[in-house]
Amino acid sequence: MKTAGKKILDATCGSRMMWFNKQHPDAIYTDKREGVFVAYGNETIVKPDVKTDFQNLPFDENSFYLVVFDPPHSKWLGENTILGQKYGQLFSNWEIEIKQGFDECMRVLKPNGTLIFKWNDKDIKLNKLLDVIKVQPLFGHTSGKHGKTIWLTFMKS
Ligand SMILES: C[S@@+](CC[C@H](N)C(=O)[O-])C[C@H]1O[C@@H](n2cnc3c(N)ncnc32)[C@H](O)[C@@H]1O
(Lines give C-alpha, C1' and ligand atoms only; values in the text may rest on other atoms or scores of the structure.)
Protein backbone atom coordinates (compact mmCIF):
# COMPACT_ATOMS: atom_id res chain seq x y z
CA MET A 1 0.00 0.00 0.00
CA LYS A 2 1.20 3.48 -0.80
CA THR A 3 1.66 5.96 2.03
CA ALA A 4 0.00 8.86 0.18
CA GLY A 5 3.03 11.02 0.94
CA LYS A 6 2.69 10.58 4.74
CA LYS A 7 5.96 10.79 6.66
CA ILE A 8 4.84 9.41 10.02
CA LEU A 9 3.16 6.12 10.92
CA ASP A 10 1.29 5.65 14.18
CA ALA A 11 0.98 1.84 14.19
CA THR A 12 -1.25 1.65 17.31
CA CYS A 13 -3.23 4.89 17.22
CA GLY A 14 -6.16 3.92 19.49
CA SER A 15 -8.05 7.15 20.23
CA ARG A 16 -4.90 9.26 19.50
CA MET A 17 -4.66 10.48 23.11
CA MET A 18 -0.92 11.17 22.80
CA TRP A 19 -1.29 13.47 19.79
CA PHE A 20 -1.45 17.24 20.14
CA ASN A 21 -2.97 17.40 16.63
CA LYS A 22 -5.11 14.26 16.30
CA GLN A 23 -5.44 14.79 12.52
CA HIS A 24 -1.82 15.60 11.79
CA PRO A 25 -1.47 16.03 8.01
CA ASP A 26 1.91 14.22 7.92
CA ALA A 27 0.66 11.13 9.78
CA ILE A 28 -1.13 7.94 8.85
CA TYR A 29 -2.96 6.30 11.76
CA THR A 30 -3.45 2.54 11.96
CA ASP A 31 -4.94 0.18 14.56
CA LYS A 32 -6.50 -3.28 14.48
CA ARG A 33 -9.65 -1.96 16.19
CA GLU A 34 -12.25 0.42 14.83
CA GLY A 35 -15.40 1.59 16.60
CA VAL A 36 -16.82 3.33 19.62
CA PHE A 37 -16.11 1.46 22.84
CA VAL A 38 -18.08 2.35 25.96
CA ALA A 39 -17.27 1.48 29.57
CA TYR A 40 -19.00 3.05 32.57
CA GLY A 41 -20.33 5.88 30.39
CA ASN A 42 -16.85 6.69 29.03
CA GLU A 43 -16.50 6.60 25.23
CA THR A 44 -13.29 5.65 23.44
CA ILE A 45 -13.45 6.38 19.72
CA VAL A 46 -10.98 4.44 17.58
CA LYS A 47 -11.02 5.50 13.94
CA PRO A 48 -7.80 4.53 12.15
CA ASP A 49 -7.07 5.61 8.58
CA VAL A 50 -6.23 1.98 7.92
CA LYS A 51 -7.49 -0.92 10.06
CA THR A 52 -4.63 -3.37 10.17
CA ASP A 53 -2.50 -5.60 12.37
CA PHE A 54 0.94 -4.26 13.32
CA GLN A 55 2.35 -7.76 12.76
CA ASN A 56 1.74 -7.41 9.05
CA LEU A 57 1.73 -3.75 8.04
CA PRO A 58 0.45 -3.09 4.51
CA PHE A 59 3.26 -0.66 3.61
CA ASP A 60 6.45 -1.02 1.58
CA GLU A 61 9.74 -1.20 3.41
CA ASN A 62 11.63 2.08 3.88
CA SER A 63 8.42 4.18 3.75
CA PHE A 64 8.36 6.45 6.86
CA TYR A 65 10.71 8.90 8.55
CA LEU A 66 9.11 8.33 11.95
CA VAL A 67 7.11 5.44 13.43
CA VAL A 68 5.30 5.48 16.76
CA PHE A 69 4.63 2.10 18.42
CA ASP A 70 2.52 2.08 21.59
CA PRO A 71 1.18 -1.47 21.91
CA PRO A 72 -0.91 -2.75 24.85
CA HIS A 73 1.31 -3.41 27.86
CA SER A 74 -0.99 -4.74 30.56
CA LYS A 75 -1.96 -8.33 31.17
CA TRP A 76 -4.71 -7.58 33.63
CA LEU A 77 -6.91 -4.79 32.27
CA GLY A 78 -10.39 -6.21 31.66
CA GLU A 79 -11.80 -5.72 28.16
CA ASN A 80 -14.78 -3.82 29.53
CA THR A 81 -12.92 -1.38 31.74
CA ILE A 82 -12.19 2.22 30.72
CA LEU A 83 -8.43 1.58 30.67
CA GLY A 84 -8.87 -1.71 28.84
CA GLN A 85 -10.79 0.11 26.09
CA LYS A 86 -8.28 2.95 25.85
CA TYR A 87 -5.10 0.85 25.93
CA GLY A 88 -6.16 -2.68 24.93
CA GLN A 89 -4.90 -5.82 26.61
CA LEU A 90 -1.75 -7.86 26.18
CA PHE A 91 -2.29 -11.19 24.47
CA SER A 92 -1.16 -14.53 25.89
CA ASN A 93 1.51 -14.91 23.17
CA TRP A 94 2.58 -11.29 23.64
CA GLU A 95 6.31 -11.97 23.11
CA ILE A 96 5.71 -13.15 19.53
CA GLU A 97 3.28 -10.32 18.68
CA ILE A 98 5.43 -7.55 20.17
CA LYS A 99 8.59 -8.82 18.47
CA GLN A 100 6.79 -9.17 15.14
CA GLY A 101 5.24 -5.69 15.56
CA PHE A 102 8.60 -4.13 16.43
CA ASP A 103 10.26 -5.77 13.40
CA GLU A 104 7.43 -4.58 11.13
CA CYS A 105 7.78 -1.00 12.41
CA MET A 106 11.52 -1.18 11.65
CA ARG A 107 10.87 -2.65 8.20
CA VAL A 108 8.62 0.24 7.13
CA LEU A 109 11.01 2.89 8.51
CA LYS A 110 13.37 4.59 6.08
CA PRO A 111 17.10 4.04 6.74
CA ASN A 112 18.11 6.42 9.56
CA GLY A 113 14.45 6.83 10.46
CA THR A 114 13.33 6.98 14.10
CA LEU A 115 11.10 4.61 16.04
CA ILE A 116 9.49 5.83 19.25
CA PHE A 117 8.36 2.89 21.37
CA LYS A 118 6.17 3.62 24.41
CA TRP A 119 5.98 0.95 27.10
CA ASN A 120 4.66 0.71 30.64
CA ASP A 121 6.58 -1.75 32.78
CA LYS A 122 4.02 -2.30 35.53
CA ASP A 123 3.31 -5.90 34.42
CA ILE A 124 6.29 -6.66 32.16
CA LYS A 125 9.64 -5.21 33.08
CA LEU A 126 11.75 -3.27 30.60
CA ASN A 127 14.55 -5.86 30.71
CA LYS A 128 12.11 -8.58 29.71
CA LEU A 129 10.81 -6.43 26.83
CA LEU A 130 14.38 -5.77 25.63
CA ASP A 131 15.12 -9.52 25.77
CA VAL A 132 12.14 -10.06 23.50
CA ILE A 133 12.84 -7.39 20.88
CA LYS A 134 16.61 -8.03 20.94
CA VAL A 135 17.57 -4.49 19.95
CA GLN A 136 19.10 -1.99 22.32
CA PRO A 137 17.45 1.44 22.36
CA LEU A 138 19.60 4.52 21.85
CA PHE A 139 18.10 6.21 24.88
CA GLY A 140 14.85 6.49 26.79
CA HIS A 141 13.09 8.14 29.67
CA THR A 142 10.37 7.37 32.16
CA SER A 143 7.26 9.45 32.69
CA GLY A 144 3.89 9.21 34.43
CA LYS A 145 2.78 9.49 38.05
CA HIS A 146 4.60 6.32 39.12
CA GLY A 147 7.47 6.53 36.61
CA LYS A 148 6.31 3.31 34.93
CA THR A 149 5.83 4.68 31.42
CA ILE A 150 8.99 4.49 29.36
CA TRP A 151 9.67 6.23 26.05
CA LEU A 152 12.34 4.41 24.05
CA THR A 153 14.10 5.73 20.95
CA PHE A 154 15.54 3.56 18.17
CA MET A 155 17.07 4.44 14.80
CA LYS A 156 17.09 2.17 11.75
CA SER A 157 20.70 1.91 10.78
C1 LIG B 1 -1.81 1.57 24.36
S2 LIG B 1 -3.06 1.68 23.14
C3 LIG B 1 -2.52 3.00 22.13
C4 LIG B 1 -2.95 4.34 22.65
C5 LIG B 1 -2.61 5.46 21.67
N6 LIG B 1 -1.18 5.62 21.50
C7 LIG B 1 -3.20 6.78 22.10
O8 LIG B 1 -2.49 7.80 22.13
O9 LIG B 1 -4.40 6.81 22.36
C10 LIG B 1 -2.69 0.27 22.15
C11 LIG B 1 -3.49 0.15 20.86
O12 LIG B 1 -2.94 -0.95 20.12
C13 LIG B 1 -3.97 -1.57 19.42
N14 LIG B 1 -3.53 -2.93 19.06
C15 LIG B 1 -3.43 -4.02 19.85
N16 LIG B 1 -2.97 -5.07 19.17
C17 LIG B 1 -2.78 -4.63 17.89
C18 LIG B 1 -2.31 -5.26 16.71
N19 LIG B 1 -1.94 -6.55 16.70
N20 LIG B 1 -2.24 -4.51 15.59
C21 LIG B 1 -2.62 -3.20 15.59
N22 LIG B 1 -3.06 -2.56 16.69
C23 LIG B 1 -3.14 -3.26 17.83
C24 LIG B 1 -5.14 -1.54 20.38
O25 LIG B 1 -6.35 -1.69 19.65
C26 LIG B 1 -4.97 -0.19 21.04
O27 LIG B 1 -5.77 0.80 20.43
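Residues are numbered from 1 along each chain as its sequence is written, and side-chain values use heavy atoms, with hydrogens and water left out. Because the model is predicted, local features need pLDDT of at least 70 and side-chain atom pairs count only at pLDDT 80 or more, whereas totals for chains, interfaces and linings use all residues.

The chain contains three helices and nine strands, where helices (H or I, at least four residues) and strands (E, at least two) are DSSP runs numbered from the N terminus. Read from the N terminus, the order of elements is β-β-β-β-β-β-α-α-β-α-β-β. The radius of gyration of the chain is 15 Å, close to the 15 Å given by the globule rule for 157 residues, so the chain is as compact as a globular protein of that length. In this comparison the radius is taken over C-alpha atoms, and the rule is 2.2 Å times the number of residues to the power 0.38. The C-alpha trace spans about 45 × 35 × 30 Å along its principal axes.

Of the 157 residues, 44% count as buried; buried means under 20% relative accessible area, exposed over 50%, and partly exposed in between (1.4 Å probe, protein chains only). Contacts (heavy atoms within 4.5 Å) were also examined by sequence separation. Among those with a separation of 6 or more, 59% join residues 24 or more positions apart. The chain exposes about 8700 Å², of which carbon and sulfur atoms supply 54%; accessible areas come from the Shrake-Rupley method with a 1.4 Å probe, and for residues only the protein chains shown count as cover. There are 22 positive and 18 negative side chains, and the centres of the two sets lie 3 Å apart. For this count, Lys and Arg are positive and Asp and Glu negative, while His and the chain ends are not counted; each charge is placed at NZ of Lys, CZ of Arg, CG of Asp or CD of Glu.

The largest nonpolar core has 29 residues, and L9, I98, L115 and F117 have the most contacts inside it. Such a core is a set of buried Ala, Val, Leu, Ile, Met, Phe, Trp, Tyr and Cys residues joined through side-chain atoms within 4.5 Å. At least two residues of this core come from each of strand 6 (64–69), helix 2, strand 7 (109–120), helix 3 (126–133) and strand 9 (149–155). Helix 2 supplies the largest share, six residues. A second, separate core of five residues includes I8, C13, W19 and A27. Leaving aside neighbours within four places in sequence, L115 is in contact with V67, F69, F102, C105, M106, L109, L152, T153 and F154.

L90 is buried, with a relative accessible area of 8%, whereas Q89 is partly exposed at 30%. Beyond four places in sequence, L90 touches P72, H73, S74, K75, I98, W119 and I124. The C-alpha atoms of L90 and K75 are separated by 5.0 Å, although these residues are 15 apart along the chain. The C-alpha atoms of Q89 and P72, 17 residues apart along the chain, are separated by 5.3 Å.

T12 lies in the loop between strand 1 (8–10) and strand 2 (27–31) and is buried, with a relative accessible area of 11%. Excluding neighbours within four places in sequence, T12 contacts T30, D31, F54, V68, F69, D70 and P71. In the segment before strand 1, K2 is exposed at 66% relative accessibility. K2 touches F59 and D60, not counting residues up to four places away in sequence. K2 and D60 are 58 residues apart in sequence and 7.3 Å apart in space, C-alpha to C-alpha.

Most residues other than glycine have a negative phi. N62, which is not a glycine, has a positive phi of about 60°; N62 is found in the loop between strand 5 (50–51) and strand 6 and is partly exposed at 32% relative accessibility. K134, also not a glycine, has a positive phi of about 60°. K134 lies in the loop between helix 3 and strand 8 (139–143) and is exposed at 64% relative accessibility.
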